[in-house]
Amino acid sequence: MLHAIADHVVDGYIAVADAVQVDIDEVETEVFSPGRRGGVSRGVDSARIYQLKREVLEFKRAVAPLLRPMQLLSERPMRLVDPDIQKYFRDVADHLARVQEQVLGFDELLNSILQANLAQASVAQNEDMRKITAWAAIIAVPTMVCGVYGMNFKYMPELHWRYGYPVIMGITVVLCLGIHRTLKRNGWL
């Protein structure tokens, strides 16, 4: 009777381990899929990975306490356990040991997936900051020119030139385009 109960419980653990493996495979596929925008997956966030880690921790707490009693039932001679039945307990103990190894592997794999997801999010944020900085650099040129000409100096010779305004506008556009081209070539835009 004890063997039937233990076998049923461990078979349930195997089913749970398979279900957790499927969930982890889904998360891993989403985190490392090539079709991600900006390195960050739309469907996976750290909260989902953390939730899986919590489930694995609870699963580990359920599996670990049974391993030692199953090993004792399968290895030590006992009055209540017939030696012919001990081989069945050995089978249950082996299955339980495999489940525990899987759970430990799940925990390590989820740690790696979480770290990779956070690293990818950080890279995406850095890329966004680079683009914002690049556009700010481009916008700085016309801002500076407008700032200088907005001071209403009395003696600015180019204000009285016939082509002063178009020349200043042309220089501003050329500078902005030059900065844009340089930043695009360097991968900032």
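Colleague: Before we start, what should I keep in mind about the model?
Modeller: It is a predicted model, in which local features need pLDDT of at least 70 and side-chain atom pairs count only at pLDDT 80 or more, while totals for chains, interfaces and linings use all residues. Residues are numbered from 1 along each chain as its sequence is written, and side-chain values use heavy atoms, with hydrogens and water left out.

Colleague: OK, how do α1 and α3 cross?
Modeller: The axes of helix α1 (residues 2-31) and helix α3 (residues 83-149) come within 9 Å and cross at roughly 20°; helices here are DSSP runs of H or I with at least four residues, numbered from the N terminus, and axes are lines fitted to C-alpha atoms over the stretch in contact, with angles from 0 to 180 degrees between N-to-C directions. That makes α1 roughly parallel to α3, since angles under 35 degrees count as roughly parallel and those over 145 as roughly antiparallel.

Colleague: And which residue classes make up that contact?
Modeller: The contact of α1 with α3 has 19 nonpolar, six polar and two charged residues, where Ala, Val, Leu, Ile, Met, Phe, Trp, Tyr, Cys and Pro count as nonpolar, Asp, Glu, Lys and Arg as charged, and the others, Gly among them, as polar.

Colleague: What about α2 against α3?
Modeller: Helix α2 (residues 46-75) packs on α3 at an angle of about 160°, with the axes 8 Å apart, and the two are therefore roughly antiparallel. Their contact divides into 23 nonpolar, seven polar and five charged residues.

Colleague: Then how does α5 sit relative to α3?
Modeller: The axes of α3 and helix α5 (residues 164-185) come within 9 Å and cross at roughly 165°, which makes α3 roughly antiparallel to α5. Residues in contact (heavy atoms within 4.5 Å) include W135 and Y149 of α3, together with I168 and H180 of α5. By class, this contact has 13 nonpolar, two polar and no charged residues.

Colleague: Switching topic, how much space is in the largest pocket?
Modeller: About 170 Å³ of space lies in the largest pocket.

Colleague: Which element gives the most to its lining?
Modeller: That is α5, with five residues, and the elements giving two or more residues are α3, α4 (157-160) and α5. Among the lining residues of the largest pocket are P142, Y149, E158 and Y165, and the lining divides into eight nonpolar, two polar and one charged.

Terms used:
Angles under 35 degrees count as roughly parallel, over 145 as roughly antiparallel, 65 to 115 as roughly perpendicular and the rest as oblique. On a 1 Å grid over the protein atoms alone, a cavity is a set of points where a 1.4 Å probe fits but cannot get out, and a pocket is an open set with protein on both sides within 12 Å along at least five of seven lines; lining residues have an atom within 4 Å of a point. Grid points are joined across faces, edges and corners, and a volume is the space filled by probe spheres set on the points.
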